[in-house]
Amino acid sequence: MKKLKIFILNKLTGLSFLIIFCFCSISLFSRSANDPYFGNFATNQKINNLFGSVGSYFAGTTYAFIGISTFFIPIFFLIFGFKKIFGIKTNYVLLHLISFIFSIILTSTILHYWLFNGGILGKFINEILKSEFEYLLINKFVFITILLCLHFFTLLLLFFGLSINYKTIKILI
């Protein structure tokens, strides 16, 4: 009886994650710059987002806040949704979530550095790093070393957050 409850709970959790994945994906891909979101309320046009005002506020706000990194959010829910539905053991979900959040923050910062849309968060962190660590940016060797380490650390956090390990990468290649 207990195994049946755990089985049903895993299926419902996985299904919930997949529903969140669908909402996030459709909201983000149907996002319009004219749709309202937190920070952009003055619009008289009709909402173009397929999920209406809820999807518009979700997609617009997350895109404005963390930029292109927003598109990693549905991937997180897709991976964990499939893992729960197919009964693949998911340990340390909270640790994976925290790692994923930090990787999103660092990805926004890196994207803003490379002149992509890193959102408000990426711009804010870049400004802090420039003002506080400007003396390190003078030496090109130190700067490039720090930049490469930051890229590598961000990838590690992202892979851990999405629970992608060496075996998974090897299977995909």
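These legends accompany close-up views of a predicted model.

Residues are numbered from 1 along each chain as its sequence is written, and side-chain values use heavy atoms, with hydrogens and water left out. Because the model is predicted, local features need pLDDT of at least 70 and side-chain atom pairs count only at pLDDT 80 or more, while totals for chains, interfaces and linings use all residues.

**View 1. Helix α2 and its buried residues.** Helices here are DSSP runs (H or I, at least four residues), numbered from the N terminus. Helix α2 spans residues 52–66. α2 has 15 residues and reaches 21 Å from first C-alpha to last. That is close to the 21 Å expected at 1.5 Å a residue (the expected span is 1.5 Å times one less than the number of residues). Gly55, Ser56, Ala59, Gly60, Thr62, Tyr63 and Ile66 of α2 are buried. Buried means under 20% relative accessible area, exposed over 50%, and partly exposed in between (1.4 Å probe, protein chains only). The buried residues of α2 pack against α1, α3, α4 and α5. Gly67 follows α2 and has a positive phi, near 70°.

**View 2. Thr70 in the loop between α2 and α3.** Thr70 sits in this loop. Its relative accessibility is 0%, so Thr70 counts as buried. Contact means heavy atoms within 4.5 Å. Leaving aside neighbours within four places in sequence, Thr70 is in contact with Leu28, Thr62 and Tyr63. Thr70 and Cys24 are 46 residues apart in sequence, yet 9.2 Å apart in space, C-alpha to C-alpha.

**View 3. Asn34 in the loop between α1 and α2.** Asn34 lies in the loop joining these helices. Asn34 counts as partly exposed because its relative accessibility is 39%. Asn34 and Asn49 are 15 residues apart in sequence. Their C-alpha atoms are 9.9 Å apart in space.

**View 4. Helix α3 and what covers it.** α3 covers residues 72–85. This helix has 14 residues and reaches 20 Å from its first C-alpha to its last, close to the 20 Å expected at 1.5 Å a residue. Its buried residues are Ile73, Pro74, Phe76, Phe77, Phe80, Gly81, Lys83, Lys84 and Ile85. The cover over them includes α1 (2–29), α2 (52–66), α4 and α7 (140–161). Just after α3, Gly87 takes a positive phi of about 75°.

**View 5. The packing of α3 on α4.** The axes of α3 and α4 (residues 93–113) come within 11 Å and cross at roughly 160°. α3 is therefore roughly antiparallel to α4. Axes are lines fitted to C-alpha atoms, for helices over the stretch in contact, and angles run from 0 to 180 degrees between N-to-C directions. Angles under 35 degrees count as roughly parallel, over 145 as roughly antiparallel, 65 to 115 as roughly perpendicular and the rest as oblique. The crossing is right-handed (the near helix is turned clockwise from the far one by less than a right angle). Phe72, Ile73, Phe76 and Phe80 of α3 meet Val93, His96, Leu97, Phe100, Ile104 and Thr107 of α4. By class, this contact has eight nonpolar, two polar and no charged residues. Ala, Val, Leu, Ile, Met, Phe, Trp, Tyr, Cys and Pro count as nonpolar, Asp, Glu, Lys and Arg as charged, and the others, Gly among them, as polar.

**View 6. The packing of α4 on α5.** α4 and α5 (residues 119–132) pack at about 75°, with their axes 8 Å apart. The two helices are therefore roughly perpendicular. α4 contributes Ile105, Ser108, Thr109, His112 and Tyr113, and α5 contributes Leu121, Gly122, Lys123, Ile125, Asn126 and Leu129. By class, the contact has five nonpolar, five polar and one charged residues. Thr109, in α4, is buried at 4% relative accessible area. Beyond neighbours within four places in sequence, Thr109 is in contact with Gly122, Ile125, Asn126 and Leu129.

View 7. Most residues other than glycine have a negative phi. Tyr92 is not a glycine, yet its phi is positive, about 55°. Tyr92 is in the loop between α3 and α4. With 62% relative accessibility, Tyr92 counts as exposed. Leu115 also has a positive phi, near 70°. Leu115 lies in the loop between α4 and α5. Its relative accessible area is 79%, so Leu115 is exposed.
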